[in-house]
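Dear colleague,

Please keep the model open while you read, and take your time over each term as it comes up.

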Amino acid sequence: MRHKEAGWKLGRNTSHRRSLLRNLVTSLIVEERIETTVPKAKAMRPNVEKMITLGKRGDLSARRLAAAYLMTREAVDKLFDTIGPRFGDRNGGYVRIVRTGWNKGDGADKAFIELLGSEKVLDEKRQKRAETRAKRAAETKKAMEEAEAQAKTESGAEAGEEGEKKE
Amino acid sequence: MPNPKRRHSAARRGNRRAHDAMKAHSLSECPNCHERKLPHRACPKCGYYKGREVLDVEEAS
């Protein structure tokens, strides 16, 4: 019987666990989606929902309570300005946890946790990431081509053959 | 202290292990790319789950 075992300890003492959860909740509010392990995602969910409830209340007292828990000013502002109003007509269930796979090293079950209705923000973020990735790829390609050309001109036939093999 | 009286034979060991075999995972089909994937999990091939939920999947290079 699994009685009296509610919650997650996450292998940490109280202060460590509290810090971890505060960090996770703050990151989730700022980033809208974070990737973590399934137990951590499940452990942070009630805390996230409590914060969002504070964000919906929106008064000064709620703001102070949120500021006492969240790690950054930025997160508090975002919680009250954009996230609270977004969930005005929803009673709980503000986050989504989707399992993705396992860590390679320790086999931990991974998932991402995201705020509902964050699809647009996340899509924009993804696009930006793709753009920077493409830019970086183009830069490295260019640099490699330049280096190859230089090697060819500098050390004649031998280096040229090697370059061709790589291609 | 109680101790074993007799050595267990190889057959006894084998009989004990008769139920230790591993079972294959039951896999479901991804509705987006029709690959076989683990149920209740985002598809590792196409990054979809429940119609949306795109993860960034590296293109095979």
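The largest nonpolar core in this predicted model has 30 residues, and those with the most contacts inside it are M44(A), M51(A), L70(A) and L79(A). A nonpolar core here is a set of buried Ala, Val, Leu, Ile, Met, Phe, Trp, Tyr and Cys residues joined through side-chain atoms within 4.5 Å, where buried means under 20% relative accessible area, exposed over 50%, and partly exposed in between, with a 1.4 Å probe and protein chains only. The elements of chain A that give two or more residues to this core are α1 (14-31), α2 (38-57), α3 (60-69), α4 (73-86) and β3 (109-115), and α2(A) gives the most, with seven residues. Helices (H or I, at least four residues) and strands (E, at least two) are DSSP runs, numbered from the N terminus.

If we leave aside its neighbours within four places in sequence, M51(A) is in contact (heavy atoms within 4.5 Å) with V25(A), I29(A), A66(A), Y69(A), L70(A) and L79(A). There is also a second, separate core of five residues, which includes V98(A) together with A42(B), Y49(B) and L55(B).

As for chain A as a whole, its secondary structure comes to five helices and three strands, which run α-β-α-α-α-β-β-α from the N terminus on. Its radius of gyration is 24 Å, well over the 15 Å that the globule rule gives for 167 residues, so chain A is more spread out than a compact globule; the radius is taken over C-alpha atoms, and the rule is 2.2 Å times the number of residues to the power 0.38. Of the 167 residues of chain A, 33% count as buried.

One residue to look up is A108(A), which is found in the loop between β2 (95-102) and β3 of chain A. A108(A) is buried, with a relative accessible area of 18%, and, apart from neighbours within four places in sequence, is in contact with T37(A), G101(A), W102(A) and N103(A). A108(A) and F87(A) are 21 residues apart in sequence and 32 Å apart in space, C-alpha to C-alpha.

Residues are numbered from 1 along each chain as its sequence is written, while chains are lettered from A and ligands numbered from 1 in the order in which they are written. Because this is a predicted model, local features need pLDDT of at least 70 and side-chain atom pairs count only at pLDDT 80 or more, whereas totals for chains, interfaces and linings use all residues, and side-chain values use heavy atoms, with hydrogens and water left out.

With best wishes
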